[in-house]
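Here are my notes on the model, point by point. Please read them with the structure open.

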Amino acid sequence: MAAESELQRADWGEPLGHAATVRGLWQAARAARLPHALLFSGPAGIGKYRAARWFTLGLYCERGVPSKDGAPCLACAPCKRVTSGSHLDVFAVDLLETPADERPEELKIGRFVRRERDSDWDGRTVDEFLALRAAEGGWRVVLVREMERANVAAQNSILKMLEEPAPNVLWILECSRKNDLLPTIASRCVQVHFERLPVETVSDTLERRGVARERARALARWSRGSPGEALRALAQREWELRELLVQALRGAVPPLVSAAAVWELDGTFEGKTAKAIERARARTTLDLALGCLRDVLLAREGTPLAELSHGDLAALELPVARSGATLRAAIDGLLALRRDVESNIDPPLLLDSAFLALAPSAAACAR
Ligand SMILES: [Zn+2]
């Protein structure tokens, strides 16, 4: 939880690697060329929402919209109101502000339009915000985080509001899966694409947060240049999880012992109930195991190791990789278990089966 709140909640600093993109938008603001809706899209965890916040600050800072190398000061009264969430002209729809154990999976229509019934939201809605006039003059900004979580009804309500733009209202929609949006929403927005960061940049960021170098490099590589994903992997103890998987793959430890150790790690997983958290842990472990085996298979088939997250495993003589056929059988087994995670099967039981699939020789001996 610490990693999430640090990076995703309270952080209003300059967005790593995206300053130039934001400066371009400030320039458009100074030239009065901002559209009424922006869609910030790109992979998850790379800092799109942080860029949206930084950009928003620049619209309100007392120093004026930053030019060239300028930046919002973070110290003036309007900057402080924006960062504390008390600025009357900035409205954020952000599921991550809800504690993880109460957080709904979807953004529902009730966040956007007042509904008397079937609403899980009793706070202010976007349409109520938009009905007010600008308190301080200038822009009125609606930020929506993880727009891909908005269900169809919610998206339709947004679409309606986008189709009737109020003066001086700026929507900033942040989205990691553009395919989950209604095409009509995307076409109503000016799209701003954000790229992944260099792996070294992510690794340096982790090291500055006190993560040891070898671990920082591995997590940055696995995240493929997404600081948010790397921090999530850190919080979920994926480095330690992979150690357990490798133990089992090498046959160094009985697979069921490694599987049991997964449940002893103190990783942080998201979920409303204890069962949901167990499922999240099983899902992450299975995805990591699949990633490892796929990379070993790809390495066998000639993919350069530098292009693979888990290419280092190809050098180990893993019993499961004795032939392409045993490797594919293990991957198929894990894929079937991965599908079972969403069903009612006991997560520890699933992981026992997964670890047995990783160590086929040990499983054969046990029979
Ligand atoms: Zn300021």
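1. The C-alpha centres of domain 1 and domain 2 lie 38 Å apart. Domain 1 covers 2-193 and domain 2 covers 236-366. These bounds come from an automatic or database domain assignment.

2. This is a predicted model: local features need pLDDT of at least 70, side-chain atom pairs count only at pLDDT 80 or more, and totals for chains, interfaces and linings use all residues. Residues are numbered from 1 along each chain as its sequence is written, and side-chain values use heavy atoms, without hydrogens and water.

3. Which residues hold the zinc ion? Cys61, Cys73, Cys76 and Cys79 coordinate the zinc ion through SG, at 2.3 Å. Donors are N, O and S atoms within 2.8 Å of the metal (3.2 Å for Na, K and Ca); water is not among the atoms, so sites may look incomplete. Along the chain the donors are spaced C-x11-C-x2-C-x2-C.

4. The 4 donor atoms subtend angles of 103 to 119 degrees, which makes the zinc arrangement tetrahedral (four donors, all angles between 85 and 135 degrees).

5. Cys76 is buried, at 9% relative accessible area. Cys73 is partly exposed, at 22%. Buried means under 20%, exposed over 50%, partly exposed in between (1.4 Å probe, protein chains only).

6. Helix α14 spans residues 324-340. Helices are DSSP runs (H or I, at least four residues), numbered from the N terminus. Its buried residues are Gly324, Leu327, Ala330, Ile331, Leu334 and Leu337. They fall within an arc of 150 degrees, so they line one face of α14; the arc is that of directions from the helix axis to the C-beta atoms.

Notes: Tetrahedral: all angles 85-135°; square planar, octahedral: opposite > 155°, others 65-115°. Helix = DSSP H or I, 4+ residues; strand = E, 2+ residues; numbered from the N terminus. Expected span 1.5 Å × (residues − 1).
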